[in-house]
Amino acid sequence: QVQLVESGGGLVQPGGSLRLSCAASGRILSINAMGWFRQAPGKERERVSCISSDGTTDYANSVQGRFTVSRDNTKNTVSLQMNSLKPDDTAVYYCAADRVFKLCLNPDYWGQGTQVTVSS
């Protein structure tokens, strides 16, 4: 079993920055890739970013150039640096882990979510 815990959410003004972190525990060696999803009220869940065990990264077009996903294998954490935040980035952000696909296409484990609100 793998447990994922997100942190770092909060309120930020448009144009500001925020950094989310996800700590993984349990059978972490079984994870192929980890990434971030988000879901806003009334909208479908969106895959934001993913990073695989071989270092391959992928980003949604809506965050390309603004968000950066990284990993720290020593600390078993994955982070999402969010810059130039927009009100449309407001959502609950979920950390996810995929045992099979390196693009986080079908995550097997999910965190509890952390709220990100971009507003003046």
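The torsion about the S-S bond of Cys 22 and Cys 95 is about -80°, so this disulfide (a pair of cysteine sulfur atoms within 2.5 Å) is left-handed. Cys 22 sits in strand S3 and Cys 95 in strand S9, so the bond ties together parts 73 residues apart in sequence; strands are DSSP runs of E with at least two residues, numbered from the N terminus. This is a predicted model, in which local features need pLDDT of at least 70 and side-chain atom pairs count only at pLDDT 80 or more, while totals for chains, interfaces and linings use all residues. Residues are numbered from 1 along each chain as its sequence is written, and side-chain values use heavy atoms, leaving out hydrogens and water.

**Disulfides**
- The structure holds two disulfides, and with the bonded cysteines numbered in sequence order the pairing is 1-3, 2-4.
- Cys 22 and Cys 95 are joined with an S to S distance of 2.1 Å.
- Cys 22 is buried at a relative accessible area of 0%, and Cys 95 is buried at 0% too; buried means under 20% relative accessible area, exposed over 50%, and partly exposed in between, with a 1.4 Å probe and protein chains only.
- In the disulfide of Cys 50 and Cys 104, the sulfur atoms are 2.0 Å apart, and the torsion of about 70° makes the bond right-handed.
- Cys 50 belongs to strand S5 and Cys 104 to the loop between S9 and S10, 54 residues apart.

**Sheet**
- Four strands form an open sheet in the order S1-S3-S8-S7, with antiparallel pairing (two strands pair if DSSP finds at least two bridges between them).
- S1 (2-7) and S7 are the edge strands, each pairing on one side only.
- S1 and S3 (residues 18-26) are joined by six bridges, and Cys 22 in S3 is the bridge partner of Glu 6.

**Positive phi**
- Cys 104 is not a glycine, yet has a positive phi of about 55°; with 1% relative accessibility, this residue counts as buried.
- Ser 84, also not a glycine, has a positive phi of about 50°.
- Ser 84 lies in the loop between S8 and S9 (91-98) and is partly exposed, at 41% relative accessible area.

**Pocket**
- The lining of the largest pocket has 16 residues, with Ile 28, Ile 31, Met 34, Arg 71 and Asn 73 nearest its centre.
- On a 1 Å grid over the protein atoms alone, a pocket is an open set of points where a 1.4 Å probe fits, with protein on both sides within 12 Å along at least five of seven lines; lining residues have an atom within 4 Å of a point.
- Strands S4 (33-39), S5 (46-52), S7 (67-72) and S8 (77-82) each give two or more residues to this lining.
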